[in-house]
Amino acid sequence: MAQREQWGSRIGFILAAVGSAVGLGNIWRFPYMVADNGGGIFFLVYLLALLTAGIPIMILEFSIGHKYRGGAPLSFAKMNKKFEWLGWGQVLICFFIAVYYVVVIAWALSYVYHSISVGYSDDPSGFFFGNVLGLTDDPMILGGIQTQLLLPLLIAWAINFAAIYTGVKGGIERTAKILIPMMFLMVVFIAVRGVTLPGAASGLNFMFEPDFSRILDFKVWSAAYGQIFFDLSIAFAIMITYSSYLPKKSDLTANAFTTCLTNCSFSLLAGLAVFSVLGHMAFTQGVDVSEVAGAGVGLAFVTFPAAITTLGGAAPLFGVLFFLALSFAGITSLISINEAAIAALMDKLNMERKKVTIAYHVVAVACSLLIVTGAGLYILDIVDHFTNNIGVVFAGLIEVILIGWFFNLKSLREHIDAVSEIKAGAWWSFCIKFVTPIVAGYTGIMTLIADIKTPYGGYTQEAVLLMGWTVVAAIVIGGFLLSKTKWKDEQYLLTGVEKGVNNDVR
């Protein structure tokens with residue numbers, strides 16, 4: 001049994017964890033979620049969600065990885081062999097996300113190049129959907145591989161491969177130390193320049209103006225808690241894996257607070273950057289901000305490029321900085337997603353990192369080619385919806401129920417308190433046992449009912465069944481099947497037994 005790798009420094013771990021949490025969603029999803037759900041009211045509920053769900057689950061996952069020293073499947077198996085399937089389900093979620101997430105990074109990298117000449121200025125929408133994506137008319141019509149995306153796709157995979165292949169300290173930590181500070185500086189530059197542009201105030205008002213009539217709107221609360229799950233990379237194996245590389249003497253609660261607050265601060269900063277520029281765009285066109293604001297890929301690759309073109313001679317600089325920041329945010333998250341899967345395979349197969357990394361990437365790169373076909377955006381949209389809104393939410397729900405109600409939660413709390421200055425008090429146990437299950441359960445069940453009643457996104461039943469429900473089935477069934485395979489080296493599990501950790505099971 002090989003000795004487990006460790007981070008080189010605390011700041012290295014924090015930057016890697018922040019790099020995982022800060023992703024594409026912070027830049028394209030958070031600003032619109034604020035604007036679309038009551039502005040300042042959403043932000044207040046979001047902060048409450050951070051305190052009652054985000055930080056408690058982050059502390060929980062840090063404590064699991066740190067105490068049981070393994071990826072998600074190994075850690076859950078050490079807690080209780082019957083929990084192992086949940087770890088593999090989370091690993092499969094990581095795999096499905098990775099094969100489409102890398103394609104969005106490829107889009108961003110290609111836009112770094114196109115921003116130099118502002119090639120999208122004449123028709124941002126036609127440029128993105130036509131020139132870049134070669135979008136077909138239907139998810140079932142693949143339309144062939146879009147060769148213009150192959151080079152940026154391979155660049156994204158190559159950076160990811162190099163970081164993971166060279167190990168936790170030499171690759172993942174070093175990459176985070178380079179990319180995260182650069183990303184923050186670029187977004188700070190855009191935000192500072194953005195808020196000084198004419199019309200920026202109207203954009204910020206659109207984003208933050210509180211709509212007090214929506215304080216009791218359950219959709220606002222559901223959106224805020226859903227955004228916390230989406231933002232922090234919790235409930236799909238990553239933070240358990242990353243914390244398993246921490247030294248024994250590590251302040252878990254301080255690390256969790258730092259990671260969560262840094263991530264949410266970045267979301268706020270990205271909102272300032274995006275909506276100040278959109279406010280300027282609305283000002284130059286003489287329209288309301290609501291007429292130019294959008295969400296999802298439309299905000300990042302259509303609306304924001306259109307806004308950039310209103311900046312005159314500064315447009316190329318703003319374009320390059322924005323899409324480089326988007327690329328860096330995506331790459332550091334992609335590395336964490338793949339590392340969670342690779343670490344789990346290394347544990348199970350007792351194989352060295354380099355062999356597993358090569359084998360994993362051969363499969364993952366091949367699968368990602370499907371997302372660079374003409375139907376890639378449709379496939380991405382459907383798979384993303386089902387993996388995140390159903391897969392991640394229910395994985396998180398099952399996780400807190402199993403650990404909160406069928407495991408000795410007090411033993412984890414004692415482990416946290418033994419190494420942390422800020423103690424996990426009764427509030428933490430209350431959130432894990434009551435608050436998070438109620439909110440995650442409500443969010444997940446409402447989404448499930450909606451998807452059963454009506455095919456997601458207006459797609460055909462055939463497409464949703466093939467690309468959505470099949471993925472959910474693969475996560476559930478695959479998790480159970482993988483948990484039934486034998487561990488190459490049973491010592492991994494015996495380590496936990498010898499130390500008495502399995503006595504924590506109720």
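Colleague: Leaving aside neighbours within four places in sequence, which residues is Val 277 in contact with?
Modeller: Val 277 contacts Ile 190, Gly 194, Phe 304 and Ala 307, once neighbours within four places in sequence are set aside. Keep in mind that this is a predicted model.

Colleague: What about Arg 193, how far is its C-alpha atom from that of Val 277?
Modeller: The two C-alpha atoms are separated by 8.8 Å, while Val 277 and Arg 193 lie 84 residues apart along the chain.

Colleague: Where does Val 277 sit, and is it buried or exposed?
Modeller: Val 277 belongs to helix α13. Its relative accessible area is 0%, so Val 277 is buried.

Colleague: Another residue, then. Which helix holds Thr 259?
Modeller: Thr 259 is in helix α13, which covers residues 252-285.

Colleague: And why does Thr 259 count as buried?
Modeller: Because its relative accessibility is 0%, and the cut-off for buried is under 20%.

Colleague: What does Thr 259 touch, not counting residues up to four places away in sequence?
Modeller: Ile 14, Ala 17, Val 18, Met 58 and Phe 62 are what Thr 259 touches on that count.

Colleague: Different topic. At what angle do the axes of α4 and α5 cross?
Modeller: Helix α4 (residues 40-68) and helix α5 (residues 72-79) cross at roughly 80 degrees, and their axes come within 9 Å.

Colleague: Now the whole chain. How many helices and strands are there?
Modeller: The chain has 21 helices and zero strands.

Colleague: How compact is the chain?
Modeller: Its radius of gyration is 22 Å, close to the 23 Å given by the globule rule for 506 residues, so the chain is as compact as a globular protein of that length. The C-alpha trace spans about 70 × 50 × 50 Å along its principal axes.

Colleague: What share of the residues is buried?
Modeller: Buried residues are 59% of the 506 in the chain. The chain exposes about 19000 Å², and 67% of that comes from carbon and sulfur atoms.

Colleague: Last one: what share of contacts joins residues at least 24 apart?
Modeller: That share is 85%, taken among contacts between residues at least 6 apart in sequence.

Notes:
Residues are numbered from 1 along each chain as its sequence is written. This is a predicted model: local features need pLDDT of at least 70, side-chain atom pairs count only at pLDDT 80 or more; totals for chains, interfaces and linings use all residues. Side-chain values use heavy atoms; hydrogens and water are left out. Axes are lines fitted to C-alpha atoms, for helices over the stretch in contact, and angles run from 0 to 180 degrees between N-to-C directions. Helices (H or I, at least four residues) and strands (E, at least two) are DSSP runs, numbered from the N terminus. The radius of gyration is taken over C-alpha atoms; the globule rule is 2.2 Å times the number of residues to the power 0.38. Buried means under 20% relative accessible area, exposed over 50%, partly exposed in between (1.4 Å probe, protein chains only). Contact means heavy atoms within 4.5 Å. Accessible areas come from the Shrake-Rupley method with a 1.4 Å probe; for residues, only the protein chains shown count as cover.
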